[in-house]
Amino acid sequence: MRHRWLPNSIAVVAALVTAFPIYWMVLSAFRPTGEIESAHPRPWTWHPTLEHFRHALGVSGFGRYFLNSAVVALCVVGLAGAIAFLAAVALTKYRFRFRTTILVLFIVAQMVPVEALTIPLFFEFRDLGRTVPGVGLNTLASLVLVQLAFSLPFAIWMLRGFVAAVPDALEEAALIDGASRTTILWRILLPLVAPGLAATSVFSFITAWNDFIFAKTFIISATQNQTLPAALLVFFKPDENDWGGIMAASTLMTLPVLVFFVFIQRRLVSGLGGAVKD
């Protein structure tokens, strides 16, 4: 056990460093305003309060913003999972022209900074909204589409490894037994790559849930379609920021991510641990 104390110690320190900001956020959400603004903050509080949570939940439209974020994130997770699965199967199990080119384009798409595409996408959705109602600016559909576009390259690349790990002998045996391509796709391949889908869904959910740039850029006048990250700006004021409200709202915003992670953690662990063996 002696040779393991160093990596274990490093893991514990890394976990503490990662968890401390979350702890401080939750602690500040329960602290009275006087303790938050104190010049000598302490890593605990003897007077917890729910005042900041009541203030955050009392903000006009908070429930609506929360629902908008949930709709966008869940739509992105569902669409990204379905499209990425089908694309990964096509790019792994079938041979066709420009297959390598498509894979290279997925890598290039991951290299482009989000900030560099914000303005071009703004004009694209502005023009698209003139011809396709319900997809332009000030709509949740625009946020779903743009987050879907950014989630798919990573999801496809990750699922390719899981699809490639499925033995061809399983598909051949199913074909001999009379199974169709559709049956093989949904009843054999899909259950086997489910851990990979769980892993990619976490990435897609977090990316869509925490999006601020596109939500602030695309939703201009339709405030009822605003999402939760952009709605946090309500607590930032020119003279003095409401840090208690910011921390309480951020804590509430973090809960769905934790719930989603706990819901799929078993499949996520198996997805990160490996793939199917022959």
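I began with the charges of this predicted model, and found that the mean positions of the 20 positive and 15 negative charges of the protein chain are 7 Å apart.

I then looked up the surface and found an accessible area of about 16,200 Å² for the protein chain, 68% of which belongs to carbon and sulfur atoms. Of the 278 residues in the chain, 40% are buried.

For the overall build I noted 14 helices and 0 strands, and along its principal axes the C-alpha trace spans about 70 × 65 × 30 Å. Among contacts with a separation of 6 or more, I found that 70% come from residues 24 or more positions apart.

Last, I looked at backbone angles in two loops. F98, in the loop between α4 (62-93) and α5 (99-111), has a positive phi of about 65° although it is not a glycine. N138, in the loop between α6 (114-131) and α7 (140-165), likewise has a positive phi of about 65° without being a glycine.

Is each of these residues buried or exposed? I count F98 as exposed because its relative accessibility is 53% and the cut-off for exposed is over 50%. I count N138 as buried because its relative accessibility is 19%, and buried means under 20%.

Methods: Residues are numbered from 1 along each chain as its sequence is written. This is a predicted model: local features need pLDDT of at least 70, side-chain atom pairs count only at pLDDT 80 or more; totals for chains, interfaces and linings use all residues. Side-chain values use heavy atoms; hydrogens and water are left out. Helices (H or I, at least four residues) and strands (E, at least two) are DSSP runs, numbered from the N terminus. Buried means under 20% relative accessible area, exposed over 50%, partly exposed in between (1.4 Å probe, protein chains only). Contact means heavy atoms within 4.5 Å. Accessible areas come from the Shrake-Rupley method with a 1.4 Å probe; for residues, only the protein chains shown count as cover. Lys and Arg count as positive and Asp and Glu as negative; His and the chain ends are not counted. The place of a charge is taken as NZ of Lys, CZ of Arg, CG of Asp or CD of Glu.
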